[in-house]
Amino acid sequence: MSTDPEPTQPSAKLPSPPSRLSAPPFHTCGGLHPAGSSSAATGGLLDTLRMGIVMLDTCGRVVLWSPLAEEMLGWSGEHIIGRHLEAIIKPWASQGAKQGAKQGTKSGAEPDAQMAEPSEAAGPPHGRVPPLGSAERVMAELLHSGCWAGVLPMRHRDGHTVVAEVRASLLVDGDGKPFALASIAEIHLLRDLEHDLALLDAVFDTSPLGIAVFDTDLRCIRVNQTLCRMDDLGAESHIGRTIDELLPGATGEELATVQKTVLDTGRTVLDLRTPALGPNGQGVISSSFSRITDRAGSVLGVSIVVMDITDRVLSAAKVERARARLALLNEVGATLADILDVDRIARALAEALVPSFCDYAGVLLVRAVPRGGELPRHSHIPGTPLVLLGTATPPGDVHVAPLLQSGMVITFPAGSPFSEVLTGGPAWLAEAPSDLRADLPVMALDPRIRKAIELGIGSALVVPLRARGVVLGLLVGCRAAEREPFDNDDLALATELSDRAGVALDNARLYARERHSALTLQRSLLPQHLPERPGIEIAYRYVPGSTGAEVGGDWFDVIPLVGGRTAFVVGDVMGHGLHAAATMGRLRTAVRTLAGLDLTPDELLRRINNVSGDFMQTAEEPMMATVLYAVYEPSTQRCTIAGAGHLPPLLVSCDDIRYDCSVRRLELPSGTPIGVEEGEFESEEFDVPSGSVLVLYTDGLVERRDQDITTGVDQLADVLGHRYVSLEDACDEALATLVPPLEPDDVAVLMARLGGLPGSNAACWEFPAEENAVHLSRLHVQQTLAAWGLAALTEVTILLVSELVTNSLRLAHGPIGVRMVRGTSLLVEVSDPLPDPSLTRTAVHDEDGGCGMQLVARAACRWGTRLGPLGKTVWFELTLPNN
């Protein structure tokens with residue numbers, strides 16, 4: 001295995017170093033250490049360059065050898081001192097060899113082939129000029145000119161070539177003895193450093209960003225031309241001045257404060273945005289600050305990089321404005337899409353525009369729109385009255401808001417921009433107060449508008465609200481003078497908003513018209529007034545659904561029955577729309593008709609169900625309805641109720657001791673809804689304490705999507721558990737508590753306070769089926785009529801009672817009951833256990849009987865029969881005197 005050749009020591013005495021050099025030989029200096037040693041490293045630029053120092057005598061022999069030279073070339077001082085320069089310098093063989101030497105040095109390639117050490121006397125042949133780069137040539141030029149600079153290929157101890165930059169000078173010591181001092185540095189490190197410096201200079205001088213460097217006193221020491229152009233100052237005007245001297249004012253003070261903080265803390269500040277540099281200050285700049293330190297960590301100053309971001313800020317602002325406009329457009333569209341009320345649409349549109357789009361907004365509509373009327377077929381004429389329905393002003397405004405009251409009527413004279421837009425002209429835009437005063441003659445305006453302009457309106461726009469080519473009104477927007485004025489983009493946005501709002505307003509107008517027609521039909525099918533019944537107080541409410549133009553099929557009714565009895569009905573036809581309303585009207589008529597037959601509640605529902613097929617619109621749309629039918633008998637204070645799939649009624653009882661009332665849910669056989677084939681219905685009788693309130697209602701009052709319907713019934717019971725001054729108050733409280741503002745279903749509620757008849761207004765007797773029954777009945781009837789002051793009716797009443805009791809004696813074999821009730825008329829009832837009703841027939845001239853029912857039919861104002869669980873009852877009514 002070969003080893004590196006070692007240079008032999010010279011036999012002659014080596015020359016001593018210059019006598020007056022204060023430093024000892026470098027290779028024996030204990031105070032210096034190789035680069036990378038912790039004690040010697042300073043992190044400076046020379047450490048990066050790794051510059052070695054070599055001292056030569058005039059013969060080219062090495063006298064001193066620095067540690068960095070040893071580190072660079074691998075030769076220790078004891079091996080190289082005293083040797084000729086030829087020992088470490090290679091001649092340039094060729095351009096390819098030179099390039100190879102450079103590549104080997106930089107890339108760490110395999111060392112060159114071992115070369116034999118030259119002898120001490122080695123040199124060029126006699127008479128020949130030393131080749132370029134040879135040791136002899138270098139020394140000759142150095143001794144001749146006193147200095148030498150160039151690039152030399154130098155031999156590393158391990159054999160590879162190290163290309164170095166060499167600088168040599170001829171020096172003379174105090175004794176006049178000459179010597180050569182050379183510094184060597186690896187060429188690739190030097191070239192890298194030069195490349196980096198050149199790159200930094202190029203970036204600094206050609207960068208589109210403004211760059212400035214400040215020293216530790218925060219005074220400018222270097223600035224590029226870009227920054228000079230930014231602040232319109234020459235480079236010489238920057239040098240030596242602080243940043244607040246360069247930029248007087250708030251911006252300079254802010255930048256100086258940040259600069260001082262960065263110098264003290266070392267914390268980098270990025271993208272600090274301030275007004276642009278220069279005398280006009282137009283635009284925006286972004287400044288970034290960083291502290292400058294050398295490789296040893298010493299603070300050298302602060303750098304500032306400035307970028308003009310005016311275009312970027314303007315582009316971002318433009319994008320943000322576009323995004324905000326799109327968001328506003330979507331928000332308004334989504335808001336108006338869910339509203340079918342003209343007033344609410346106008347308010348929502350105005351409120352959506354303030355303050356994001358403008359400071360003041362108003363929606364003015366022609367009168368036909370909020371009323372649901374027909375729009376004119378021709379263009380509006382100047383002076384057409386407009387109704388101000390929607391207004392919005394900034395929060396806390398106390399000047400303009402009082403001038404713009406919702407509902408006020410405003411007219412605009414011919415020739416004004418408002419009138420021009422209303423009569424079919426294009427949208428109007430005033431970008432400055434001067435445009436406002438030029439286009440709006442102040443004296444010709446409404447005083448309220450004139451006052452608004454005087455309060456500082458800077459810009460305004462007016463766009464038409466159109467639908468199907470017809471102008472419905474105007475959308476007006478204004479901005480204060482201190483705000484950015486409207487531009488054409490804002491006008492385009494307002495036009496798009498008005499188009500969407502116009503369609504929504506027209507839909508709401510049509511909805512209002514259709515809903516009004518539907519409600520008119522439905523209300524015409526509901527009771528127009530309720531009868532006053534003795535011993536009964538009634539209150540009711542009907543609330544149509546708040547959403548959709550289609551009405552529902554909820555209904556209620558109070559039907560007077562014979563004998564002072566009263567029927568209470570509440571029902572709900574499934575579905576919505578005119579079909580449901582029409583079916584409700586037919587069903588109500590059928591119930592009222594059958595109620596006149598004095599049927600029991602279950603029998604009435606059964607007959608209604610049997611004919612329910614006639615209520616169907618089509619075979620594909622079967623009719624289905626829920627009904628609750630109750631009959632109250634005030635003389636006995638009993639209530640008979642039957643249901644057809646309807647919610648159970650509530651009975652509220654209050655006493656004079658407790659403040660709260662007890663609420664009882666009347667449990668009934670549920671029954672099947674009307675429209676179900678072979679439905680089953682049952683009646684239940686309940687005793688009703690005097691003064692109790694019977695409450696009937698539809699599902700719209702208690703049913704919610706997010707809760708069980710029984711929960712709603714319990715909530716209604718809680719509301720009714722309090723004592724109220726009147727039934728009207730109880731109805732209002734039930735609706736206010738249970739019905740939300742936008743209830744989609746109809747609501748019907750009927751409350752009846754049930755009481756008995758006064759004792760002096762009713763009388764009843766029961767007689768055995770004996771011959772004296774007729775006499776006894778005549779006697780009691782005569783005495784009672786006399787006590788009631790109805791002696792004028794005695795004769796006809798006794799006649800009719802005698803005929804009816806006689807019929808019962810002939811046909812029945814059980815007790816006979818007689819009852820009289822004084823109310824708005826005189827009611828008389830005769831009951832017996834015979835199940836067959838009495839029939840009228842024409843008696844022949846020689847018959848003694850058979851004409852009793854004919855007499856009743858002719859003498860009474862009303863009469864009839866009804867069947868009960870114990871038999872039949874024949875009744876008749878007589879008109880009271882003076883009625």
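This is a predicted model: local features need pLDDT of at least 70, side-chain atom pairs count only at pLDDT 80 or more; totals for chains, interfaces and linings use all residues.
**Before you start.** Residues are numbered from 1 along each chain as its sequence is written, and side-chain values use heavy atoms, with hydrogens and water left out. Local features need pLDDT of at least 70 and side-chain atom pairs count only at pLDDT 80 or more, while totals for chains, interfaces and linings use all residues.

**Stop 1: glutamate 728 and arginine 541.** Select both side chains. They meet in a salt bridge, 2.7 Å from N to O. (A salt bridge is a side-chain nitrogen of Lys or Arg within 4 Å of a carboxyl oxygen of Asp or Glu.) The structure holds 40 salt bridges. This pair links distant parts of the chain, with glutamate 728 in helix H21 (residues 727-738) and arginine 541 in strand S17 (residues 536-543), 187 residues apart. Helices (H or I, at least four residues) and strands (E, at least two) are DSSP runs, numbered from the N terminus. Glutamate 728 is partly exposed, at 36% relative accessibility. Buried means under 20% relative accessible area, exposed over 50%, and partly exposed in between (1.4 Å probe, protein chains only).

**Stop 2: helix H21.** Stay with this helix and select residues 727-738. How far apart are the end C-alpha atoms of H21? They are 16 Å apart, which agrees with the 16 Å that its 12 residues should span at 1.5 Å a residue. (The expected span is 1.5 Å times one less than the number of residues.) Now colour Leu727, Ala730, Cys731, Ala734, Leu735 and Leu738, which are buried. Look down the axis of H21: its buried residues fall within an arc of 130 degrees, so they line one face of the helix. The arc is that of the directions from the helix axis to the C-beta atoms. An α-helix has 3.6 residues a turn, so residues three or four places apart point the same way. Next, show what covers those buried residues of H21: S17, strand S25 (692-697), helix H20 (709-720) and strand S26 (747-754) are included.

**Stop 3: aspartate 557 and arginine 592.** Their salt bridge has its closest N and O atoms 2.8 Å apart. Aspartate 557 lies in strand S18 (residues 552-560) and arginine 592 in helix H18 (residues 578-595). Is each one buried or partly exposed? Aspartate 557 is buried at 2%, whereas arginine 592 is partly exposed at 35%.

**Stop 4: arginine 565 and glutamate 633.** Here the closest N and O atoms are 3.8 Å apart. Both residues are buried.

**Last stop: a network.** Select Arg321, Arg325, Arg479, Glu484, Asp487, Asp489 and Asp490. Salt bridges link these residues in a network.

Technical notes: Contact means heavy atoms within 4.5 Å.
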